[in-house]
Amino acid sequence: MNGTLKRAAIACLVMFGLLMANVNYLGAVKADDYRNDSRNKRAFFARYSVDRGWITADDGKTTLAKTVDTKSEFRFEREYPDGKMYAHVLGFFAPESSRGIEAAAGKYLDGSHPDLLVRRAIDFISNEPPKGASVDLTLVSRAQKVAYDQLRASGKRGAIVAMNPKTGAVQVMVSLPTYDPNTLALPNKGKVADAYNKLDADEQHPLLNRATERTYPPGSTFKVVTAAEFLEDDPSRGPETMVAAPQVLDLPQTTVGLPNYGGAACGGGQVTLRYALERSCNTPFAKFGMELGWDKMREQAAKFGMGEPVPFTLPVAKSDIGPEEELAALAQLSIGQRNNQMTPLQMLLVAAGIANGGTVMKPYLINKVVGPDGGVLDEASPDELSEAVSADVADKLKQMMVSVVQAGTATSAQIPGVSVAGKTGTAEAGDAPAPHAWFIGFAPADDPEVAVCVFIESGSAGNEATGGHTAAPIAREVLQAVLQSK
Amino acid sequence: MTATPGVEVAPVPMTAKRRGAQLFMLAFAIVIVMGAYASVGLGINGQIPAGMLTYGLGLGGLMLAAYLVLARFAPWADPLLLPLVTLVNGIGLVMIYRIEQTGQGGASATNQLMWTALGVVMFSATLIVLKDHRALQRLTYTLGFVGLGLLVLPLVPFIGKEINGARIWIGIGGFSIQPSEFAKLALVVFFAGYLVAKRDVLALAGRRLLFIDLPRARDLGPVLITWGFSLAVLILQKDLGSSLLLFGTFIVMLYVATQRTSWVLIGVLLFLGGAILAGQIFDHVAARFEVFLNPESPELYDRELGGSYQLMQGLFALGSGGILGTGLGEGHPKEIPLSFSDFIFAATGEELGLTGLMALLMVYALIVERGLRTAIAARDPFSKLLAGGLSFILAWQVFIIVGGVTNLIPLTGLVTPFMSAGGSALLANWILIALLVRMSDAARRPPPQAIQDEGLTQVFQR
């Protein structure tokens, strides 16, 4: 029987050989397929096994996003204490995606950044859950709250952004309507998908960060850019230069003219540049645009950062003055209409550039990144984005913008004891009956610490909304809040 | 004892007992298991579990007792069998402990340790009571009836219980017992005794077809009867695994006994016939095959009954474990339904990786190899056939369940020997090992040496 027993032994050997070959095939060849199969919940579990770094503001004193150890299957859950107020900045950490700072600084937060490699190795060996680095934002929580409350109080839609013009550190970023990121951070794919789909289908677009992700016609706030090129074009021009300001400007090749706001007259038809900006007369600036030509307008716009998406911590839509068309179009884009489309962040950079003597600083949100052991891994270093105008022209523009607040359309932005510079905008929003209301400005004018852009979306503040009445008072509160929190 | 005419006695070289080596390897196995316990605790919450000493020392004490019984009652036994089985049993305990920590219902490490203790008692009792395994040969037909009786017991009303769709349990007191595990042992003994008696007849050649000598038609009886019983198990109890296990083992034992390849061919044909027939008649058999061919199909994955969900969860676990595994306590065995019983191999694969699975398969292969070596070294046909049959049924069972879980073959539920939670299987398998140990003791015991070299009267010392 030994012969057949040996053959039976060979059969056993073959069986074990097959099992071993198959286990190797599964564990080495097919492993990636199985690991990445969407029905395999393990990737999903792994997402919650990291002690994700916190997100803070005010130099670490205010917690915006924290990680809670639930000791359950999904061990570390994400919570946003003031979720709605910071939703568009923080974004969310959802089961299958992330957005905002959660995405932008994701590698730091989940500890997968190369700078955290050593730390991860230590955690791996000591069998600790991997720990991410904390991210401190440049936001000023007090001002953020003021901006959020101001915008929310009257049920308005829109965005407020503020930054330090000297560094580019963003101090406020609010977008409304907003959403609660806590509902999207649950470790439950089904619930999150439902919540997301509901938000996504909402026609008010609460998921949209209006400060950076969408462009709107900037209206009269753009006159600052037109004025900048007008002054740059001839150094002898200044605030007191007399300019033609007809009641209606004839547009070449069309039968319609371009009137001032509400068809009003602008002084006596010949006014100073300062007066034209104070009153926000349309005709002089439309005329400048046509005289300067599309190329020069385009060049000046580009110096403020337009034509390319502004480099920023979060995704930004491209702001642009539009393509080269007939002269009539050029006249309209010079006063911020037609195809002229700007993000509120871009208009903030216009104000900030003027505030900073013509130099536009690159905006940023991350102040510093602190490792799990307390060591600073990365710290913001302010960087120039562009040289928008000469220091001389910046000074002239500043003087005129101060006048706008003192005696022009933006008197409601005045702060007692502080000189504020600003410019309002009231832009036709396509066929909608109600206009968009804008305000850009900075304070204190002589040594600016904060630049702001307030944007109120068409229809959310009534048909009579104007930059001066609707946006400027909010801007005042925000400017004041930032200045007071210094 | 003198050499009986007709039975060849090969000259056996003097074997060493190697008891010291066995004790050392036993200690080594216990150390590995205790290390694994500690690793589970560290993996789950960074602490060495409080139960480590209880479980570790408990298992260590049990195995020491088993060792002492073995050293006393089967001193020449194979030194590897007990340490190898201890290792697999211990790893199984650790995995069940680990799965219990996830809160999956049905996994209880304390119960499993209790059953292991009972298993060791059965092991010891078998060694103590059964001084000579050839005594079993006299019980051939009794055991045959006992085996069949145990097999049909779950079908008896009131006693039988249906769990997870298979009617293979009986309820006694608060316990569920799976009699087929014991039936398996009794039937292998029966097959061995029966085949030794009838092998000369069964080996007679009938008609020659192509290159194969077919057996005589009238000798087909036993094969057909076993086939019929296997089909009955499959049909009445919906137990695909046991059906395949018994039939396959019978065919191999028949082949070993008669040395006729034609029996294997007949067996394979009968199996294919039975499988196709069952596939045609029963949806659950067809479903298994469908799942085997295309487990990843979303439609099968989502199918509530007879779908591929469990299989895929096992494969996901294996894939996620990859080469080195996640480490004990760091995987997600809870995702796999029945991860503590049928799918314990997949759960182990996630945490120990393919490296750990290779080691486990190697240990199983070594146990089988030691058993087959015993069969070859055994001195009488009954022992050869019994040792060969018991070794093969162990290998065959590992192949059926591990192959099923890894989708090498269609999945049929069976217990992973010594690892899966379940008392009946543990007890039966410990008895199986005791029988192998008993036979290896007999096989390795040096033949009687003549102390006097002269004269007609010879005195032997055993």
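Two strands are taken to pair if DSSP finds at least two bridges between them. Helices (H or I, at least four residues) and strands (E, at least two) are DSSP runs, numbered from the N terminus. The model is predicted: local features need pLDDT of at least 70 and side-chain atom pairs count only at pLDDT 80 or more, whereas totals for chains, interfaces and linings use all residues. Residues are numbered from 1 along each chain as its sequence is written, and chains are lettered from A and ligands numbered from 1 in the order in which they are written.

Chain A contains 17 helices and 19 strands. Its C-alpha atoms occupy a box of roughly 125 × 50 × 40 Å along the principal axes. Among the contacts of chain A with a separation of 6 or more, 70% link residues 24 or more positions apart; two residues are in contact if their C-beta atoms, placed from the backbone, lie within 7 Å.

A:Ala162 has A:Val172 in β8(A) as its bridge partner.

Helix α10 (residues 223-233) of chain A packs against helix α13 (residues 294-303) of chain A at an angle of about 110 degrees, with the axes 9 Å apart. Axes are lines fitted to C-alpha atoms, for helices over the stretch in contact, and angles run from 0 to 180 degrees between N-to-C directions. α10(A) and α13(A) are therefore roughly perpendicular to each other, a term that covers angles of 65 to 115 degrees. In this contact, A:Val225, A:Ala228, A:Glu229, A:Glu232 and A:Asp233 of α10(A) meet A:Lys296, A:Met297, A:Gln300 and A:Ala301 of α13(A). By class, the contact comprises four nonpolar, one polar and four charged residues (Ala, Val, Leu, Ile, Met, Phe, Trp, Tyr, Cys and Pro count as nonpolar, Asp, Glu, Lys and Arg as charged, and the others, Gly among them, as polar). α10(A) is mostly covered, as 10 of its 11 residues are buried; among them are A:Val225, A:Ala228, A:Glu229 and A:Glu232.

In chain B, three strands form an open sheet in the order β1-β2-β3, and the pairing is antiparallel. β1 (160-163) and β3 (175-177) of chain B stand at the edges with a single partner strand each, so one side of each lacks a neighbour in the sheet. Neighbouring strands of this sheet are turned by 50 degrees against each other on average, direction ignored. Strand β2 (residues 166-172) of chain B pairs with β3(B) in the antiparallel sense over three bridges, and B:Ile172 stands opposite B:Phe175 in β3(B).

Between the chains, 31 residues of chain A are in contact with 42 residues of chain B. On the side of chain A that touches chain B, α1 (2-29), α2 (31-36) and α3 (42-47) of chain A each supply at least two residues. α1(A) gives the most to this side, with 18 residues. By class, the side of chain A that touches chain B has 16 nonpolar, eight polar and seven charged residues.

Methods:
Parallel < 35°, antiparallel > 145°, perpendicular 65-115°, else oblique. Buried ≥ 20, exposed ≤ 12 C-beta atoms within 10 Å, placed from the backbone.
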